[in-house]
Structures are given as C-alpha cells and as structure tokens.
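This briefing sets out selected features of the structure shown below. The points are grouped by topic and are meant to be read alongside the coordinates.

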Amino acid sequence: MSSSMLFNVTTIVYMISMIVFFAFLATKNKQIGLVGSWAAYAGWIVQSAAILLRWKESYDMGVGHAPLSNLYESVVFFSWTIILIYGIIEVKYKYRVIGAFVVPFALLGMAWAQLGLNSGIEPLVPALQSNWLLYHVITCFLGYAAFAVACGISIMYLIKERQESSDGDSPAGGIFSMFPAIRVLDDLNYKAIMIGFPLLTLGIVTGAAWANYAWGTYWSWDPKETWSLIVWFVYAAFLHARITRGWVGRRAAILSIVGFAATIFCYLGVNLFLSGLHSYGK
C-alpha cells in the first residue's frame, strides 16, 4: 500500500461524502446526513494515514522531509485542513448541512492533486531546509481552511437570504429549511474568520522569520508576500467593519467570499502565474 493509493481512496471517499450530503439536502433524512459526516471523517483519517506514509516514503528514499514542499503536497494538506476545520465546527455547533458546502472544496483539491499535479517526492531546495517550513505552512493552511469554511457558510447565507427575500421574508422552505437561520450563518461566518485570521497572522510572522533565515531579510515584497498582506488586510477590514461599524449579514458574507477568492489567488494564482521567491511551490 502506497501513499498515492491512500490518496486515491481519500478522493473517492470525499466524493461519496459530497454525494451523500447532497442526498441529505434532497431528502432531509438525518441518518443520511450522519453518513455524509462519517464519510468525510473516514476520508480524513485515510488522508492522515496517507500523509504520514508519504512522510515515511520520503525518508525511505533518502530525501527525508515533511510532505509540505511542493504544490501537490500543499494542495493535499490544504484539503486535509479543510475537513479538519469543518469537523471542529460541526462537532461544536452541530450544523451538519454545512458539509454540503465545504466538503466539495476538499474534494476539488484532492481531485486536482491526484489528476493534474506531479506527485513525485523531490529533494528540498536549500530555502526549504528549515523547521520554519513546518511552522509557516501549517499555520497558513489552517488559516486558509478556516476561510474556506467561512466562504461555504457565506454562500449558504446568500442563498438562504435570497430565498427568504423572494418569499416575502417568510422562512425559507424546501431544502433551504435545512439551512441554519441566517443570523446563525452570519455568526458562524464570523467565528470561522476569527479562527482563520490569527492563524494567517501567525503564518505571515513565521514566514517572515523563515525569509530572514533563508534570504537574510524579513520582507522583500515578493508577490507571495504582497498578496499575503492583501489577504490579511481584507480579513482585517472584515473584522474591523464588523466590530466598529456593525457590518453583518449580506455585506459580511460577500466580503468573506471576496476574502477567500483573494486567498486562493494568493495561494494558487501567485504560484502558477507570477514568478518570485516562492516559485519552487509549483
């Protein structure tokens, strides 16, 4: 059994989870929803084993590094963190239906990694040979994952708000009745960003420390650093507007989605389309 095979199993299980969650929306059957959640957790456990196995394979090959060093490994880890943050929020707040809007992000990442990216284990370039790699990547991707969950919740908010508006502010029916109340979705969006923002901040700080270790400077306005700062400002603006100006509801949901779009560009767009000190992440 190789890590690649386990990642394939993970992708299939996440796909099953997503399909079951959609069936949950269609049928409103709580047992089907429970199966969707357990499928997501099962996929996460398999993925955890696959990540550890890939780490071991790296040492067996004489390369010896954590599986966080290239685009394939980072996409896989991003998918893992999305299910982790989703699981924490579901266990704490008991809104299983959120899985229908979050698990597809994890599935998309795994499908792309398995079908479109080079999965080879390569030696680390000199700039990556530091424990700061672990601290920086883990904190950043946990933050990204919280923003992905916030984006999924925000999409649910906008759908439900529109449905209720078209029905004359009466409670939404059909599958929309499965959604939490819009004030709950708004609050969950805020809580997810409150998880992600300090993690992103920590990721930027550890990245600066790593940059100083690798290149002798804390900040060089590399495209990745610049876009990380832009993402940080978007979410800082979200929190500032909410706390000081009472930005809630629709405007907060839209800003959350914009923030996640900026996050994805910072992560993928910069790696794929711009050159810079992070070009090894392709």
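**Helix packing, core and loops**

The axes of helix 6 and helix 7 cross at roughly 145° and come within 10 Å. The model under discussion is a predicted one.

**Crossing of helix 6 and helix 7**

- The crossing in which helix 6 passes helix 7 is left-handed.
- On the helix 6 side, the contact is made by D186, D187, N189, Y190, I193, M194, F197, L200, T201, I204 and A211.
- On the helix 7 side, the contributing residues are E225, S228, V231, W232, Y235, A236, F238, L239, R242 and I243.
- By residue class, the contact of helix 6 with helix 7 comprises 14 nonpolar, three polar and four charged residues.

**The largest nonpolar core**

- The largest nonpolar core contains 81 residues, and F78, F179 and Y267 have the most contacts inside it.
- Two or more residues are given to this core by each of helix 1 (3-27), helix 2 (30-60), helix 3 (71-93), helix 4 (99-116), helix 5, helix 6 (182-215), helix 7 (223-245) and helix 8 (250-273).
- Apart from neighbours within four places in sequence, Y267 is in contact with L71, S74, V75, F78, F141, Y144 and K224.
- L71, one of the residues in contact with Y267, is located in helix 3.
- L71 counts as buried because its relative accessibility is 3%, which is under the 20% limit.
- The C-alpha atoms of L71 and A113 are 8.3 Å apart in space, although these two residues are 42 residues apart in sequence.

**Helix 5**

- Helix 5 covers residues 132-166, and at 1.5 Å a residue its 35 residues should span 51 Å.
- V137 belongs to helix 5 and, with a relative accessible area of 8%, is buried.
- Not counting residues up to four places away in sequence, V137 touches L68 and F77.
- The separation of V137 and L68 is 69 residues in sequence and 7.2 Å in space, C-alpha to C-alpha.
- S154 is also placed in helix 5, and its relative accessibility of 1% is the reason why it counts as buried.
- With neighbours within four places in sequence left aside, S154 is in contact with N189, A253, S256 and I257.
- N189, one of the residues in contact with S154, also takes part in the contact of helix 6 with helix 7.

**Loop residues**

- M178 is found in the loop between helix 5 and helix 6.
- M178 has a relative accessible area of 19% and is therefore buried, as the limit for this class is under 20%.
- The contacts of M178, leaving aside neighbours within four places in sequence, are with F24, L25, K28 and V97.
- M178 and K160 are 9.9 Å apart in space, C-alpha to C-alpha, and 18 residues apart in sequence.
- K28, one of the residues in contact with M178, lies in the loop between helix 1 and helix 2.
- K28 counts as partly exposed because its relative accessibility is 41%.
- The phi angle of K28 is near 60°, a positive value in a residue other than glycine.
- K94 is placed in the loop between helix 3 and helix 4.
- K94 counts as exposed because its relative accessibility is 64%, which is over the 50% limit.
- K94 is not a glycine, yet its phi is positive at about 65°.

Conventions. Residues are numbered from 1 along each chain as its sequence is written. This is a predicted model: local features need pLDDT of at least 70, side-chain atom pairs count only at pLDDT 80 or more; totals for chains, interfaces and linings use all residues. Side-chain values use heavy atoms; hydrogens and water are left out. Helices (H or I, at least four residues) and strands (E, at least two) are DSSP runs, numbered from the N terminus. The expected span of a helix is 1.5 Å times one less than its number of residues. A nonpolar core is a set of buried Ala, Val, Leu, Ile, Met, Phe, Trp, Tyr and Cys residues joined through side-chain atoms within 4.5 Å. Buried means under 20% relative accessible area, exposed over 50%, partly exposed in between (1.4 Å probe, protein chains only). Contact means heavy atoms within 4.5 Å. Axes are lines fitted to C-alpha atoms, for helices over the stretch in contact, and angles run from 0 to 180 degrees between N-to-C directions. A crossing is left-handed if the near helix is turned anticlockwise from the far one by less than a right angle, and right-handed if clockwise. Ala, Val, Leu, Ile, Met, Phe, Trp, Tyr, Cys and Pro count as nonpolar, Asp, Glu, Lys and Arg as charged, and the others, Gly among them, as polar.
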